[in-house]
Amino acid sequence: MVVIRLSRGGAKARPFYSIVVADKRDRRDGRFIERIGFYNPLAKGGEEPFRIAQDRLTYWAGVGAQTSDTVARLVKQHAAKAAA
């Protein structure tokens, strides 16, 4: 099964997450198929906190990839902010 989930990067106490498409059996920070975005929970000022390639998200969801709860929540929040 293919999943769309977060992969942690950054330093200790400074998290940075990549949004990746990966096989469910692979480790959280291990091998992935494609990187489709990022999430920076500590973004300040002019920094961009969240970006995702919407066309790639739609493609992977269309071929059966499941999104993790956290990624689904982030996409929903981002869509609500973009609409406002």
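This report describes the predicted model of a protein, from its overall form to selected residues.

## Overall form

The protein comprises 84 residues, and its radius of gyration is 13 Å. A compact globule with this number of residues would have a radius of gyration near 12 Å, so the value for the model agrees with that expectation. Taken along the principal axes, the C-alpha atoms occupy a box of roughly 40 × 35 × 20 Å.

The accessible surface amounts to about 5700 Å², and carbon and sulfur atoms account for 52% of it. Of the 84 residues, 30% are buried. Where contacts join residues at least 6 apart in sequence, 31% of them connect residues at least 24 apart.

## Secondary structure and sheet order

Two helices and five strands make up the secondary structure. Along the sequence they follow the pattern β-β-β-β-α-β-α.

The five strands form an open sheet with mixed pairing, in the order E4-E3-E2-E1-E5. Strands E4 and E5 (66–67) stand at the edges; each has a single partner strand, and therefore one side of each is left without a neighbour in the sheet.

## Strand pairing around E3

Strand E2 (residues 14–23) and strand E3 (residues 34–39) run antiparallel and are joined by five bridges. Within this pairing, Ile19 stands opposite Gly37 of E3, and Val20 stands opposite Arg35 of E3. In a regular strand, side chains alternate between the two faces of the sheet.

Strand E3 also pairs with strand E4 (residues 50–52), again in the antiparallel sense, over three bridges. Here Phe38 has Arg51 in E4 as its bridge partner.

## Helices against the sheet

Helix H1 (residues 54–62) packs on the sheet and touches E1, E2, E3, E4 and E5. The direction of H1 makes about 125 degrees with that of E3.

Helix H2 (residues 69–83) lies across E1, E2, E3, E4 and E5. Relative to E1, helix H2 runs at about 85 degrees.

## Aromatic pairs

The model contains three aromatic pairs. One of them, formed by Tyr17 and Tyr39, is stacked, with 6.2 Å centre to centre and 20 degrees between the planes. The pair links distant parts of the chain, as Tyr17 lies in strand E2 and Tyr39 in strand E3, 22 residues apart. Tyr39 has a relative accessible area of 22%, so this residue is classed as partly exposed, given that buried means under 20%.

Another pair, Tyr59 and Trp60, is edge-to-face: the distance is 5.2 Å centre to centre and the angle between the planes is 75 degrees. The two residues fall into separate accessibility classes. Tyr59 is partly exposed because its relative accessible area is 41%, whereas Trp60, with a relative accessible area of 13%, is buried.

Tyr39 belongs to strand E3. Apart from neighbours within four places in sequence, Tyr39 is in contact with Phe16, Tyr17, Pro49, Phe50 and Leu74. This list includes Tyr17, the partner of Tyr39 in the stacked pair.

Asn40 lies in the loop between E3 and E4. Its relative accessible area is 14%, and Asn40 is therefore buried despite this loop position. When neighbours within four places in sequence are left aside, the residues in contact with Asn40 are Pro15, Phe16, Glu47, Glu48 and Pro49.

## A positive phi at Ala13

Ala13 is located in the loop between strand E1 (2–11) and E2. Although Ala13 is not a glycine, its phi is positive, at about 65 degrees. Most residues other than glycine have a negative phi.

The relative accessibility of Ala13 is 65%, so Ala13 counts as exposed. Asn40, in the loop between E3 and E4, is buried at 14%.

Conventions: Residues numbered from 1 in each chain as written. Predicted model: local features only at pLDDT ≥ 70, side-chain atom pairs only at ≥ 80, totals over all residues. Heavy atoms only, no water. Pairing = 2+ DSSP bridges. Helix = DSSP H or I, 4+ residues; strand = E, 2+ residues; numbered from the N terminus. Phe/Tyr/Trp six-rings, centres within 6.5 Å; stacked < 30°, edge-to-face > 60°. Buried < 20%, exposed > 50% of the residue type's maximum accessible area, 1.4 Å probe, protein only. Rg over C-alpha atoms; globule rule 2.2 N^0.38 Å. Contact = heavy atoms within 4.5 Å. Areas by Shrake-Rupley, 256 points an atom, 1.4 Å probe, with all protein chains shown as cover. Axes fitted to C-alpha atoms, helices over the stretch in contact; angles between N-to-C directions.
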